[in-house]
Amino acid sequence: MNGIVSYGVHLPYWRLDRSKITQTLGQGGGRGTRSVASFDEDATSMGVEAGRRALAAAAPGYGGPGILAYATTAPGYLDKTNATAIHAALRLDDCVPAFDVGGAAKSGTAATIMAHNGGIAVLSDVRTGRPGSADEAAGGDAAVALIFGDDAVIAEPVGYAPVTAEFVDRWRVPGESYSRQWEERFGEHAYVPLATQAVGDVLKQADVQIGDVDHAIVAGLHTRSVKAVSKQLGCAPERLADDLLDTIGNTGTAHWALMLANVLDQASPGDLVLVAHLADGCDASLLRVTDEIVAFRERQRSTAAEQLAATTTELDYSSFMTWRGFLEREPPRRPEPDRPASPPSLRGNAWKYGFVGGQDDGGFIHLPPGRVSVESGAIDEMTPVPMADRRATIATFTIDRLAYSLAPPVVAAIVDFDGGGRMQVELTDVDPAEVKIGDRVEMTFRRLYTVDGIHNHFWKARPVRS
Amino acid sequence: MASHGIRDQVAIVGMGCTPFGEHWDKSVDDMLVESSSAATASAGVDLDDVDAFWLGTMGSGLSGLTLSRPLKVDHKPVTHVENYCATGSEAFRNACYAVASGAYDVAMAIGVEKLKDSGYSGLVVPNVAHDGSSAQLTAPAAFSFLAPAYGEKYGVDSQEMKDVMTRIAWKNHKNGALNPRAQFQKEVSKETIECAPLIAGPLGIFDCSGVSDGSAAAIIVRAEDAYDYTDHPIFVKALSFVAGPATGTVDPDYDYTSFTEVVHSATDAYRQAGIEHPRDELAMAEVHDCFTPTELVLMEDLGFAERGMGWKEVLAGTFDLDGELPVNPDGGLKSFGHPIGASGLRMLFEAWLQLRGEAGDRQISSIGLDGAPGKTKALTHNLGGSPGSCVSFVSIVGSRLD
């Protein structure tokens with residue numbers, strides 16, 4: 001039986017209180033909060049974090065995905081595949097193919113279809129809009145990874161009914177940082193019948209009634225249509241899944257999967273889940289939760305709700321604007337970081353992306369891996385040691401108020417890993433005033449900076465909050 | 001240990017040092033001309049009398065042509081050396097060895113750096129191609145790791161640490177106020193130092209050395225020839241330079257309260273010079289006070305204070321100009337700024353002045369001049385890199401042959 005065997009969510013540490021938009025601009029905003037990818041996050045790095053969680057929660061004996069499919073509307077690169085960085089950071093075997101899928105919100109579904117036969121689908125998005133726009137306030141940033149397989153399935157597919165349609169409701173020319181929309185009522189006119197058709201088809205396919213559905217997920221970037229379809233479904237209001245719009249916002253490509261993850265976090269064995277995703281048509285799916293969900297929860301690191309609880313809303317609108325590139329601020333009188341060079345990056349792939357150190361015969365761990373042992377001087381007797389999932393303790397630290405950063409000051413620490421290994425590392429998602437010797441940190445994959453259009457992805461440490 | 005040293009084999013017979021500061025009106029060439037001319041004049045020789053040159057600069061030029069072109073050196077060996085912030089000291093060390101070997105009669109060690117023309121504050125280090133995986137911290141941040149680590153290890157709370165750091169900055173500015181070559185020639189109140197805007201960790205602006213331009217040079221001859229040039233030569237007792245294995249950045253056993261490289265080079269230098277009790281035997285020390293916590297830790301690494309006691313000695317004034325062992329009597333990097341290639345030779349210049357009795361208002365009273373009783377040896381210390389990953393240089397020079 002094929003189905004979802006594991007999943008993982010990444011929610012950024014930061015959320016913006018929408019009222020801060022109104023306070024600053026006198027317009028936009030609204031109630032609630034939206035999640036915000038930090039200045040050092042992008043869709044790729046968030047995808048890695050979600051993927052790590054999903055892989056960590058897979059059942060014992062899980063052999064790894066056979067394919068990686070990555071979908072986003074905010075790709076770091078064109079021409080170059082973004083999924084390969086995720087592939088490298090997840091330390092997947094080089095025989096496992098990795099693909100990017102499209103730039104449309106609908107492409108999350110495509111990634112899922114590509115991965116449904118034993119792969120991992122990574123859906124990650126950074127959503128934005130012009131300052132003061134509805135999209136800016138309504139958007140959200142998050143990543144979800146879904147792993148499919150035959151063993152220990154936690155949610156099995158019962159039906160899938162796509163309806164495809166061509167109409168120009170939302171569009172964005174490549175290179176622009178925000179999208180545009182046709183008049184709202186037109187979208188509703190176009191979407192509602194498509195969704196009605198897709199949902200009807202999938203229920204018929206599975207021979208179930210809407211009353212049998214325990215959790216109904218309706219997602220899409222067209223808020224008015226999503227609301228209308230939710231209302232017209234005919235299922236009891238308490239069976240409509242939380243749309244997460246008040247807290248996280250609409251996370252685009254990732255949103256239906258984020259809502260699904262949130263449902264699976266709470267669902268009971270046997271529950272029937274309907275997913276209707278409105279994007280250039282409608283994709284409707286039915287899933288049935290299995291008994292395996294119980295064992296999965298014991299392996300799961302954190303639910304979406306737990307991650308949400310560990311976020312902060314102490315983000316200024318000015319920082320949000322700066323991180324998004326809408327507010328260019330005076331840099332320190334220091335040179336910008338220089339471009340990472342491709343040949344050394346390739347040579348050090350396992351370290352740079354996979355965070356794999358080297359361990360000598362005596363057990364001493366070298367970060368980064370070297371050829372010569374610190375302790376014995378032995379040459380080329382190192383074995384690779386993956387370090388990304390080990391926690392560490394701060395030995396000493398600093399707050400660098402002079403270094404170049406989009407979010408000064410730079411906080412850095414010397415950290416000692418559990419089981420050995422030391423490195424100097426930048427801290428992220430941290431209050432500089434709270435850092436102290438002895439604090440516990442965990443590793444997180446980030447985009448350190450971008451120079452000459454090259455994104456420098458590497459690892460940082462963040463406080464352990466759970 | 002097969003580090004034999006060249007105790008009393010070579011001598012400095014002339015030195016020159018430009019004022020250090022923001023030399024908007026001077027080029028690298030100008031400063032090289034000034035310091036070399038002052039050095040040759042000091043030794044009573046012509047440039048043509050110099051047989052070989054060692055030029056130290058980290059980022060102000062490449063190859064021996066950086067010196068030969070402005071000085072019109074006529075087809076002689078000019079060696080360009082670089083060893084981070086110990087670059088000037090490295091030029092000196094190599095020039096000394098060249099003379100001691102018998103290869104040359106007269107050598108010049110010269111260091112120069114032009115930092116202010118970059119347009120940036122702080123050091124700008126030329127980078128080799130890299131994979132982007134190293135945290136790119138500024139120098140003050142890298143050295144500020146010392147402060148919380150030292151406080152944690154020895155139970156010194158953050159306010160006490162701040163007091164110690166302030167005391168070091170205050171002392172060095174006080175000394176620099178007596179030095180016409182210093183970049184900053186004013187005393188600075190402890191309150192101003194303590195309340196200055198923070199740069200990195202607990203380090204404020206006044207905990208950091210300035211950014212300046214400068215050059216310094218020395219003329220080196222065989223010790224037996226020294227009195228042909230001057231009545232007051234300074235003899236080289238010890239030269240020790242080490243590059244560490246840089247394990248502190250990867251080894252959890254390193255605690256960021258010491259520079260192991262300094263301990264090694266100091267131990268070697270004391271052995272070469274036959275010094276057993278540095279605090280008693282040395283008249284003064286010029287040390288690498290790039291940042292105030294660095295000077296604190298150096299007091300222990302160089303054996304001037306017991307481990308964990310350096311902070312108390314600093315507060316007690318042990319290292320003041322009129323203290324038991326004056327440290328950075330010329331004002332240090334703190335008052336001079338830190339033109340990389342020049343700093344090591346600037347430190348030697350102060351030893352040169354003090355041991356000859358030419359330091360004016362800041363002349364150290366314990367120094368024995370012209371055969372009079374008193375101390376006759378000085379130490380210079382220069383390091384590069386950052387805690388856990390350093391190069392370190394220690395020299396000991398003296399006004400008398402042992």
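Modeller: Pro368(A) sits in the loop between β15 and β16 of chain A. Keep in mind throughout that the model is predicted.

Colleague: Is the peptide bond from Leu367(A) to Pro368(A) cis or trans?

Modeller: Start with the general rule. Most residues other than glycine have a negative phi, and most peptide bonds are trans. Now the case here. The bond from Leu367(A) to Pro368(A) is cis, and its omega is near 0°. Another cis bond links Pro408(A) to Pro409(A), with omega about 0°. Pro409(A) belongs to the loop between β17 and β18 of chain A.

Colleague: And phi? What is the value for Leu244(A)?

Modeller: Leu244(A) has phi near 60°, which is positive although the residue is not glycine. Look for Leu244(A) in the loop between α7 (223–232) and α8 (255–266) of chain A.

Colleague: Now sheets. In which order do the strands β14, β15 and β16 of chain A lie?

Modeller: First the idea. Strands of a sheet pair through backbone hydrogen bonds, either parallel or antiparallel. In chain A, three strands make an open sheet, ordered β15-β14-β16, with antiparallel pairing. Strand β14 (residues 356–359) of chain A is joined to β15(A) by two bridges, and the two run antiparallel. Within that pair, Gly358(A) faces His366(A) of β15(A).

Colleague: How many strands form the open sheet with mixed pairing in chain B?

Modeller: Nine. The order is β3-β2-β4-β7-β1-β8-β11-β10-β9 in chain B, and the pairing is mixed. The edge strands are β3 (78–81) and β9 (284–286) of chain B, each pairing on one side only. On average, neighbouring strands of the sheet are turned by 25° against each other, direction ignored.

Colleague: Pick one pair from it. How many bridges link β1 and β7 of chain B?

Modeller: Seven bridges, in the antiparallel sense, between β1 (residues 10–17) and β7 (residues 214–222) of chain B. Gly16(B) stands opposite Ala217(B) of β7(B).

Colleague: Which helix lies across this set of strands?

Modeller: Helix α13 (residues 340–356) of chain B. The strands under this helix include β1, β7, β8 (234–243) and β11 (389–398) of chain B. Relative to β1(B), the helix runs at about 110°.

Colleague: On to charges. How many salt bridges are found over all chains?

Modeller: Side chains of opposite charge can pair when their charged atoms come close. The search of the whole structure gives 48 salt bridges over all chains. One example joins the side chains of Glu41(A) and Arg446(A), at 3.8 Å from N to O. That pair ties together distant parts of the chain, 405 residues apart. Glu41(A) is in the loop between β3 (33–36) and α2 (43–57) of chain A, while Arg446(A) is in strand β20 of chain A.

Colleague: Last, the interface. What area do chain A and chain B bury between them?

Modeller: The size of an interface is often given as the accessible area lost when the parts come together. Here chain A and chain B bury about 3100 Å², with 57% of it on carbon and sulfur atoms. Arg334(A), Arg422(A) and Gln424(A) supply 20% of the area that chain A buries against chain B, more than any other three residues. By contact, 39 residues of chain A meet 35 residues of chain B.

Colleague: Which polar links cross the interface of chain A and chain B?

Modeller: There are 16 residue pairs in polar contact across the interface, both residues at pLDDT 80 or more. The rule finds zero salt bridges there. By class, the side of chain A that touches chain B has 23 nonpolar, six polar and ten charged residues.

Note on methods
Residues are numbered from 1 along each chain as its sequence is written. Chains are lettered from A and ligands numbered from 1 in the order in which they are written. This is a predicted model: local features need pLDDT of at least 70, side-chain atom pairs count only at pLDDT 80 or more; totals for chains, interfaces and linings use all residues. Side-chain values use heavy atoms; hydrogens and water are left out. Contact means heavy atoms within 4.5 Å. Buried area is the accessible area (1.4 Å probe) that two parts lose on being put together, summed over both. A salt bridge is a side-chain nitrogen of Lys or Arg within 4 Å of a carboxyl oxygen of Asp or Glu. A polar contact is a pair of N or O atoms within 3.5 Å; within protein, one must be able to donate a hydrogen and the other to accept it, and residues adjacent in sequence count only if both atoms are side-chain atoms. Ala, Val, Leu, Ile, Met, Phe, Trp, Tyr, Cys and Pro count as nonpolar, Asp, Glu, Lys and Arg as charged, and the others, Gly among them, as polar. Two strands pair if DSSP finds at least two bridges between them. Helices (H or I, at least four residues) and strands (E, at least two) are DSSP runs, numbered from the N terminus. Axes are lines fitted to C-alpha atoms, for helices over the stretch in contact, and angles run from 0 to 180 degrees between N-to-C directions.
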